Amino acid sequence: MNSKKNTGEGLYKVFIYVVLSALAITILVPVAWVFMASFKQNSEFYGNPWTLPVGLYWKNFTDAWNTAKMGEYMLNSVIVTALALVLLLVIALPASYCLSRFKFKGRKFLNTAFMAGLFINVNYIVVPIFLMLRDGDLWLKKLTGGTFLLNNLVVLAIVYAATALPFTIYLLSSYFSTLSHEYEEAAYIDGASYNMAMWRIIFPMAKPSIITVILFNFLSFWNEYIISMTLMSSATGAKTLPVGLLTLMQAQQSAAQYGIMYAGLVLVMLPTLILYMCVQKQLTEGMTAGGLKG
């Protein structure tokens with residue numbers, strides 16, 4: 001019986017390794033191919049697509065950065081993503097802490113509302129968001145003669161942060177609820193206030209969960225296209241990187257400048273890869289470990 005059991009476990013492990021290896025190959029090969037293609041000259045794309053580049057043709061990156069304005073688009077994405085993350089954390093961290101650690105009137109309703117927000121696809125409500133901001137701009141134009149809400153990176157960051165609140169609060173509050181109240185009680189005995197206990201005790205303990213939230217939302221904001229395209233439709237100099245990348249791909253495909261196009265793809269992927277490499281250790285710590293063991 002034991003030999004059969006060990007054989008079955010061995011076959012299962014082999015199956016898991018084969019599946020994981022196949023998944024890794026389907027992800028790594030396309031990424032590696034894009035990096036490889038970004039260093040090729042245009043003439044190299046008409047031969048075998050799997051051949052290595054003859055040399056490192058860095059001009060693709062300089063042309064994508066300067067001529068195609070990918071540097072300007074990247075700066076816009078950095079501003080929007082950073083501002084959206086700051087706004088999101090400033091709102092979501094205290095809200096998640098209060099919802100998970102205190103009982104008050106309306107708490108159940110707020111939890112239900114945020115849970116309902118998890119089932120709303122933002123792409124389905126982008127048109128109402130656009131109409132609200134457009135009507136607001138029409139009202140501002142009558143009142144002041146100018147517009148503010150559309151084609152504004154700050155407003156775009158606010159929309160990003162607002163749409164990410166349900167997922168972020170759900171994730172953080174779920175983690176906070178697993179932490180023991182004994183830490184806070186000990187802090188209160190030592191004279192700490194609610195704010196001090198929150199910022200100095202609970203938030204440092206929730207570092208893996210907070211880093212996970214930052215990474216997920218960074219990827220979402222950095223790669224978001226539909227909302228940015230809709231709300232920044234008239235802002236030629238304020239496009240974010242995904243919108244600018246689509247413009248670059250359309251222009252370079254018609255001009256047969258494939259090297260520049262793939263260099264633009266690398267510029268989009270590189271920040272997310274660097275961020276993941278920086279925080280992968282914290283991500284592996286897990287999100288559901290309790291505050292007290294034993």
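**Helix packing and aromatic rings**

Let's start where two helices meet. Tyr 183, Glu 184, Ala 187 and Tyr 188 in H7 are in contact with Tyr 194, Ala 197, Ile 201, Ile 202 and Met 205 in H8. Contact here is heavy atoms within 4.5 Å. Helices (H or I, at least four residues) and strands (E, at least two) are DSSP runs, numbered from the N terminus.

Some ground rules. The model is predicted: local features need pLDDT of at least 70, side-chain atom pairs count only at pLDDT 80 or more, and totals for chains, interfaces and linings use all residues. Residues are numbered from 1 along each chain as its sequence is written, and side-chain values use heavy atoms, with hydrogens and water left out.

Back to the helices. H7 covers residues 182–189 and H8 covers residues 194–205. What is the angle at which the axes of H7 and H8 cross? Roughly 140°, and the axes come within 10 Å. Axes are lines fitted to C-alpha atoms, for helices over the stretch in contact, with angles from 0 to 180 degrees between N-to-C directions. That angle makes H7 oblique to H8. The classes: under 35 degrees is roughly parallel, over 145 roughly antiparallel, 65 to 115 roughly perpendicular, and the rest oblique. The H7 and H8 crossing is right-handed. Right-handed means the near helix is turned clockwise from the far one by less than a right angle; anticlockwise is left-handed.

Gly 191 sits in the loop between H7 and H8. Is Gly 191 buried or exposed? Exposed, at 58% relative accessibility. The cut-offs: buried is under 20% relative accessible area, exposed over 50%, partly exposed in between (1.4 Å probe, protein chains only).

Asn 121 is in the loop between helix H4 (107–117) and H5. Asn 121 is partly exposed at 33%. Asn 121 and Ile 189 are 68 residues apart in sequence, and their C-alpha atoms are 45 Å apart.

The axes of H6 and H9 (residues 207–223) come within 10 Å and cross at roughly 155°. H6 and H9 are therefore roughly antiparallel. Their crossing is right-handed. On the H6 side, the contact residues include Tyr 160, Phe 167 and Tyr 175. On the H9 side, they include Ile 210, Phe 216 and Phe 221.

Ile 214 is partly exposed, at 29% relative accessible area. Leaving out residues up to four places away in sequence, Ile 214 touches Leu 85 and Leu 89. The C-alpha atoms of Ile 214 and Gly 71 are 23 Å apart, at a sequence separation of 143 residues.

One backbone note. Asn 151 has a phi near 60°, a positive value in a residue other than glycine. Asn 151 lies in the loop between helix H5 (126–144) and helix H6 (153–176). Asn 151 is partly exposed, at 31%.

Now the rings. How many aromatic pairs does a search of the whole structure find? It finds 16. Rings of Phe, Tyr and Trp (its six-membered ring) pair if their centres lie within 6.5 Å; planes under 30 degrees apart are stacked, over 60 edge-to-face, the rest tilted.

Take Phe 45 and Tyr 258. Their centres are 5.8 Å apart and their planes are at 55°, so the pair is tilted. This pair links distant parts of the chain, 213 residues apart: Phe 45 in the loop between helix H1 (2–37) and helix H2 (59–67), Tyr 258 in helix H12 (residues 258–283). Phe 45 is buried at 18%, and Tyr 258 is partly exposed at 25%.

Tyr 188 and Tyr 194 also pair, edge-to-face, with centres 5.3 Å apart and 75° between the planes. Tyr 188 is partly exposed at 29%. Tyr 194 is exposed at 54%. Both belong to one aromatic cluster, along with Tyr 97, Phe 102, Phe 176, Trp 199 and Phe 203.

The charged end of Lys 40 sits over the Phe 45 ring, 6.0 Å from its centre. The test is NZ of Lys or CZ of Arg within 6 Å of the ring centre and within 35 degrees of the ring normal.

Last stop, helix H12, where Leu 270 lies. Leu 270 is partly exposed at 35%. Leu 270 and Phe 35 are 235 residues apart in sequence, yet 9.8 Å apart in space, C-alpha to C-alpha.
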